[in-house]
Amino acid sequence: MRFLGVLCLSLSVLGFGFSQIQIMLSRQLLYSASAAFWSEFRRLLADTHAPPGEILQRLIRFPRYKKLDFAVMASRNLPERRFQEAYHLALEESSVRSLEIYPLLVQAGEIPGTLSLDHQLERLDSIVARLEELAQEHQRHIDSSLRLWRSLSVCGALFVFIFLI
């Protein structure tokens, strides 16, 4: 009976750890995809001088960016709104609203089409650099969490093994 209790406790801790890691990994994918999206947006803006709405429409055709709900919702809002308004409304309804990258995404959406191109590119460069920095910080956090949960699972397995002896 005690063995089953210890085994259930160990499995529940391990399951909780895996669910937390899964949440962190999905968030990491969102962070890195957002940084890549704005990096690509900046590159297309510099190369094509296309309007922001047209660049957004081009980018969401890529499967990697279809996972960004704010980009997809903004493209749906574009026919009846300006880029900044459509993007802002999409961010308000997005899953990123509660994340630490939200303020950077808001700033990025306000830039295209409002200032001189050089100033837009300069500001987008700084935001993209900060988004990439946040993605790297988050990746380091994931790596340390993985080591922690791995250690906990090994300790739990050792505890169960010792308990059985």
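Which residues does Trp38 touch, not counting residues up to four places away in sequence? Taking contact to mean heavy atoms within 4.5 Å, Trp38 touches Phe70, Phe83, Tyr87, Leu105, Ala108, Gly109, Pro112, Leu124, Val128 and Leu131.

## About the model

This is a predicted model, in which local features need pLDDT of at least 70 and side-chain atom pairs count only at pLDDT 80 or more, while totals for chains, interfaces and linings use all residues. Residues are numbered from 1 along each chain as its sequence is written, and side-chain values use heavy atoms, with hydrogens and water left out.

## The chain as a whole

The chain has seven helices and zero strands, and reading along the sequence gives the pattern α-α-α-α-α-α-α. Helices and strands here are DSSP runs numbered from the N terminus, a helix being a run of H or I with at least four residues and a strand a run of E with at least two.

Of the 165 residues of the chain, 39% count as buried, where buried means under 20% relative accessible area, exposed means over 50%, and partly exposed lies in between (1.4 Å probe, protein chains only). The chain exposes about 9700 Å², of which carbon and sulfur atoms supply 60%; these areas come from the Shrake-Rupley method with a 1.4 Å probe, and for residues only the protein chains shown count as cover. Among contacts between residues at least 6 apart in sequence, 62% join residues at least 24 apart.

## The nonpolar core

A nonpolar core is a set of buried Ala, Val, Leu, Ile, Met, Phe, Trp, Tyr and Cys residues joined through side-chain atoms within 4.5 Å. The largest such core has 43 residues, and those touching the most other members are Phe37, Trp38, Phe70, Val96 and Leu105. Two or more residues of this core come from each of helix H1 (2-48), H2, helix H4 (69-77), H5, helix H6 (102-110) and H7, with the largest share, ten residues, coming from H1. In soluble globular proteins, nonpolar side chains tend to be buried together.

In helix H2, which spans residues 52-59, the buried residues include Pro52, Gly53, Ile55, Leu56 and Leu59. These residues lie on the same side of H2 because they cover an arc of only 160° around the axis, the arc being that of the directions from the helix axis to the C-beta atoms.

Gln84 belongs to helix H5 (residues 83-93) and is buried, with a relative accessible area of 16%. Leaving aside residues up to four places away in sequence, Gln84 touches Gly109, Glu110, Pro112, Gly113 and Thr114.

## Salt bridges

A salt bridge is counted when a side-chain nitrogen of Lys or Arg is within 4 Å of a carboxyl oxygen of Asp or Glu, and by this rule the count comes to nine. One of them joins the side chains of Glu92 and Arg97 (3.1 Å, N to O); Glu92 is partly exposed at 30% relative accessibility, and Arg97 is partly exposed at 42%.

Another links Glu133 with Arg130, the closest N and O atoms being 2.6 Å apart. Both residues lie in helix H7 (residues 117-164), three residues apart, about one turn of the helix. An α-helix has 3.6 residues a turn, so residues three or four places apart point the same way. Glu133 is partly exposed at 38% relative accessibility. The side chain of Arg130 also meets that of Glu137 in a salt bridge (3.8 Å, N to O), and Glu137 is partly exposed at 35%. Elsewhere, salt bridges that share partners join Glu40, Arg43 and Asp47 into one network.
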